[in-house]
Amino acid sequence: MVQQRLPSFDGGRSGRRFILTLVAGTVFGFLSACLLITSTRDVPHMFSWVPGGSGLSRDPHHYSELESEVGPETEVKFHGDDEDFHKGEDRIAQDMARKVRVLCWIMTGPKNHQSKARHVKATWGKRCNILLFMSSAADASLPAVVLPVKEGRDNLWAKTKEAFKYAYEKYKDKVDWFMKADDDTYVVVENLRYMLSSYNPNSSLYFGCRFKPFVKQGYMSGGAGYVLSKEGLRKFVEEGLPDKTKCRPDNGGAEDVEMGKCLEKIGVRAMDTRDPHGRGRFFPFVPEHHLIPNHVDKNFWYWKYIYYDTKDGLNCCSDSAVSFHYVSPNMMYVLEYLIYHLRPYGISHSLERSSPDRPSTLIEY
């Protein structure tokens, strides 16, 4: 009987071959991933989470885009800071500042105090009647208000509630309007006062870039900044926050959406902030992304969220625009120069004043 020889099996040699194959595959995968990341690092439209979305989408306006941005290390001084340039040009603005008193509070955190918040203080923030930086750690150079809230995006609603409570309790008799802005928001405070001058701060009002989902009357974009009248803030603090059926009591939820839901339940009206031509004043992105046609894909979430029919291109934005978001520290100074120091020779300015019923009157200066 012929016996058939079976193939031999060397367990040790095969085990080593398996391990070598596994290691080689892991190294190849890691190197491939590094190559992919390197090749896409400078592509502006990276994948990221979008508001209200159920997955990933291309979002060129995500907050993480500014994480590595740094501003100037030395103090930036404009002509006019220590000299007599532009003397008398702001006479009307100064008069308006006495009549329309605005408190601005800035949402910031310890890691952004010197990289972002101080550049707000050096530029547009100095035009507010009162400027506060809301954080979780002290910083005498700002200075920062220390709130009893942990940092992180999961705590923004809690931080917003505490910040508005602090502002109301300390300054309710000193100002008429309360604005919340991020430390990467740029605000033209004079245009804000100009818009608000048509309204009564003793009415329950709420202004900003109006989005339409989640809340029947709409809610205002947190990044673009939003404004509450003194009476609106009183109702929020005294009627909304103590009532768990009106305002969400925990830390969770999107800060701007939860604010919108709460204000609607307590009767604070979401207002139309467009100018008499229907052009917006509060913007959730940098000027470039609104001014350049088709820069933002029409399938992008913004076009589904915006409350009013909105154009991109040069007809997007009011001549009395108030705010832009995702502004880098360096761009803060660029906007400061372009808005407050650059003067085209021979050009005089005029604006159309809009009342709550949206008629307009031409104002020249």
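Tutor: Happy to! Let's start with a term: axes here are lines fitted to C-alpha atoms, for helices over the stretch in contact, and angles run from 0 to 180 degrees between N-to-C directions. Helices (H or I, at least four residues) and strands (E, at least two) are DSSP runs, numbered from the N terminus. This is a predicted model, where local features need pLDDT of at least 70, side-chain atom pairs count only at pLDDT 80 or more, and totals for chains, interfaces and linings use all residues. Residues are numbered from 1 along each chain as its sequence is written, and side-chain values use heavy atoms, leaving out hydrogens and water.

Student: Got it. At what angle do α3 and α10 pack?

Tutor: The angle is about 10 degrees, and their axes are 9 Å apart. α3 and α10 are therefore roughly parallel to each other; angles under 35 degrees count as roughly parallel, over 145 as roughly antiparallel, 65 to 115 as roughly perpendicular and the rest as oblique.

Student: Which residues meet there?

Tutor: From α3 come S115, K116, H119, V120 and A122, and from α10 come P329, M332 and Y333. Contact means heavy atoms within 4.5 Å. By type, the residues of this contact are five nonpolar, two polar and one charged. Here Ala, Val, Leu, Ile, Met, Phe, Trp, Tyr, Cys and Pro count as nonpolar, Asp, Glu, Lys and Arg as charged, and the others, Gly among them, as polar.

Student: And what does α3 lie across?

Tutor: Helix α3 (residues 113–122) lies across β3 (102–107), β4 and β5, at about 165 degrees to β4. α6 also packs on the sheet, touching β6 (177–182), β8 (205–207) and β11 (226–229), and its direction makes about 90 degrees with that of β11.

Student: What's the strand order in that sheet?

Tutor: The order is β5-β4-β3-β6-β11-β8-β12, an open sheet of seven strands with mixed pairing. Its edge strands, β5 (144–146) and β12 (269–270), each pair on one side only. Two strands pair if DSSP finds at least two bridges between them.

Student: How many bridges join β4 to β5?

Tutor: Three, and the two strands run parallel. S135, for one, has V146 in β5 as its bridge partner.

Student: New topic: how many salt bridges are there?

Tutor: The whole structure has 22, each being a side-chain nitrogen of Lys or Arg within 4 Å of a carboxyl oxygen of Asp or Glu. One of them joins E89 and R343, with the closest N and O atoms 2.7 Å apart. E89 lies in the loop between β2 (56–58) and α2 (91–99) and R343 in the loop between α10 (329–340) and β14 (350–354), so the pair ties together parts that are 254 residues apart in sequence.

Student: Which residue does D182 form a salt bridge with?

Tutor: Its partner is K180, with the closest N and O atoms 2.8 Å apart. D182 is buried, at 15%, and K180 is buried at 0%.

Student: Last one: why is α5 described as largely enclosed?

Tutor: Because seven of the eight residues of helix α5 (residues 189–196) are buried, the rest of the structure largely encloses it. The buried residues are V189, N191, L192, R193, Y194, M195 and L196.

Technical notes: Buried means under 20% relative accessible area, exposed over 50%, partly exposed in between (1.4 Å probe, protein chains only).
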